Amino acid sequence: MNVLEKYQTAVVLAAIVVGLALGQLEGVPAVADALILPFLMVMLFGAFAGMPLSKLRSAFGNRRVAGSSLLVNFVWNPLLAVGLGAVFLSDHPALWVGLLMLMVTPCTDWYLIFTDIADGDVPLATSILPYNLVLQLVLLPVYLYVFAGELVELPLALLLESVALVLLVPLVLAGVARKGLIRWRGDRWFSRTFLPKLGPVQIVFLSLAIGAMFASQGQEVLENPGLLALLAVPVIAFYALNLAIGFGIGRVLSFSYSEMVCFNNTILSRNSPTALAIAVVAFPHEPLIPLALVIGPLLELPLLGVIAQIHTGIADRGWWPIDSSIRPERS
């Protein structure tokens, strides 16, 4: 991890503080509001340019892990988000919708880092990544229509337009750029020189977008200082419950250690920047929804770091078999 990746939480916090301060200056909120979406689209372009969509077929070489991951991400997680929202956020429908958007968009890049840190199966994790992107692009409007239609005003046409604008445009541009750069400079240069620069670019533009959001909606935040903290409770509960579920499924299906690490990271990591970009466009009159999604980058990095330590601790103590053909001992 480079310096920006390692200290992403601190960078995002700094962006929030600077954004709140600038938002108190006359004329800044209007300018900041116009900059949020362009910043997010540049960030998404960087994320999508590194995405190997050519690996769509290879994921199901390991049906146990890939199939289980997709079932958890796109069947269990939406139901869990609805349940956690009902328990913790029933009095705050906008935050509930923000939680739902966060929980139903699995990560498309960060989890590879934490899979690698804990000696998980990175090629397998990489092959699952394109499915996460395609399915969340297709299913997010469905989840919002089914689960969030009664919580906030949900214009379906605007929602579909936001998905097309925020996801499809950067995805197509990134695919064209990826293919053109590989043809021009070669796959080796693309992988070893260009790709490593995308991570810092994503963090910089995500931080700029978050700073702009807090500059444009600073008054809303200052009037409701405890709401974003309130969202942290169900988010932490999500990570705790899914980690336990990941270990349980791994034991039942006899995942090897590397498969288990891969599986846990795919069902835990969330794609908050993508959800944030869609929320900015789809809910222009509900500022608390995109603001709620800022809690994702603040919590995700430290939580995934702790989970990586849990994984490596299990490996160091020999509590999980290296070979998937060896069933783990049951106490």
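Helices are DSSP runs of H or I with at least four residues, numbered from the N terminus. The exercises below concern a predicted model.

**Exercise 1. Determine how Y143 and F147 are placed in helix α7, and classify their ring pair.**

Solution.
- Step 1: Y143 and F147 are four residues apart in helix α7, so about one helical turn separates them.
- Step 2: A search of the whole structure finds seven aromatic pairs. In the pair of Y143 and F147, the ring centres are 6.4 Å apart and the planes stand at 20 degrees.
- Step 3: Planes under 30 degrees apart count as stacked, and the pair of Y143 and F147 is therefore stacked.
- Step 4: Buried means under 20% relative accessible area. Y143, at 8%, is therefore buried, whereas F147, at 28%, is partly exposed.

**Exercise 2. Classify the ring pair of F247 and W320, and state which parts of the chain the pair ties together.**

Solution.
- Step 1: The ring centres of F247 and W320 lie 6.1 Å apart, with the planes at 45 degrees, so this pair is tilted.
- Step 2: F247 belongs to helix α11 (residues 227-252), while W320 is in the segment after α15 (295-316); the pair therefore ties together parts that are 73 residues apart in sequence.
- Step 3: F247 has a relative accessible area of 19% and is buried. W320 is buried as well, with a value of 6%.

A further group of rings may be noted: ring pairs link W189, F190 and F194 into a cluster.

**Exercise 3. Describe the surroundings of N132.**

Solution.
- Step 1: N132 is located in helix α7 (residues 122-148).
- Step 2: Its relative accessible area is 0%, so N132 is buried.
- Step 3: The N132 side chain reaches the backbone oxygen of C107 at 3.4 Å. A polar contact requires N or O atoms within 3.5 Å.
- Step 4: Apart from neighbours within four places in sequence, the residues in contact with N132 are L70, N73, F74, P106, C107, T108 and Y111.

**Exercise 4. Characterise the lining of the second largest pocket by element and by residue class.**

Solution.
- Step 1: The volume of the second largest pocket is about 240 Å³. It is lined by 16 residues, of which V18, L22, L208, G211 and A212 are the closest to its centre.
- Step 2: At least two lining residues come from each of α2 (8-22), α3 (28-49) and α9 (187-216). The greatest contribution is that of α9, with six residues.
- Step 3: By class, the lining comprises 13 nonpolar and three polar residues, and no charged residues.

Methods:
Residues are numbered from 1 along each chain as its sequence is written. This is a predicted model: local features need pLDDT of at least 70, side-chain atom pairs count only at pLDDT 80 or more; totals for chains, interfaces and linings use all residues. Side-chain values use heavy atoms; hydrogens and water are left out. On a 1 Å grid over the protein atoms alone, a cavity is a set of points where a 1.4 Å probe fits but cannot get out, and a pocket is an open set with protein on both sides within 12 Å along at least five of seven lines; lining residues have an atom within 4 Å of a point. Grid points are joined across faces, edges and corners, and a volume is the space filled by probe spheres set on the points. Ala, Val, Leu, Ile, Met, Phe, Trp, Tyr, Cys and Pro count as nonpolar, Asp, Glu, Lys and Arg as charged, and the others, Gly among them, as polar. Buried means under 20% relative accessible area, exposed over 50%, partly exposed in between (1.4 Å probe, protein chains only). A polar contact is a pair of N or O atoms within 3.5 Å; within protein, one must be able to donate a hydrogen and the other to accept it, and residues adjacent in sequence count only if both atoms are side-chain atoms. Contact means heavy atoms within 4.5 Å. Rings of Phe, Tyr and Trp (its six-membered ring) pair if their centres lie within 6.5 Å; planes under 30 degrees apart count as stacked, over 60 as edge-to-face and the rest as tilted.
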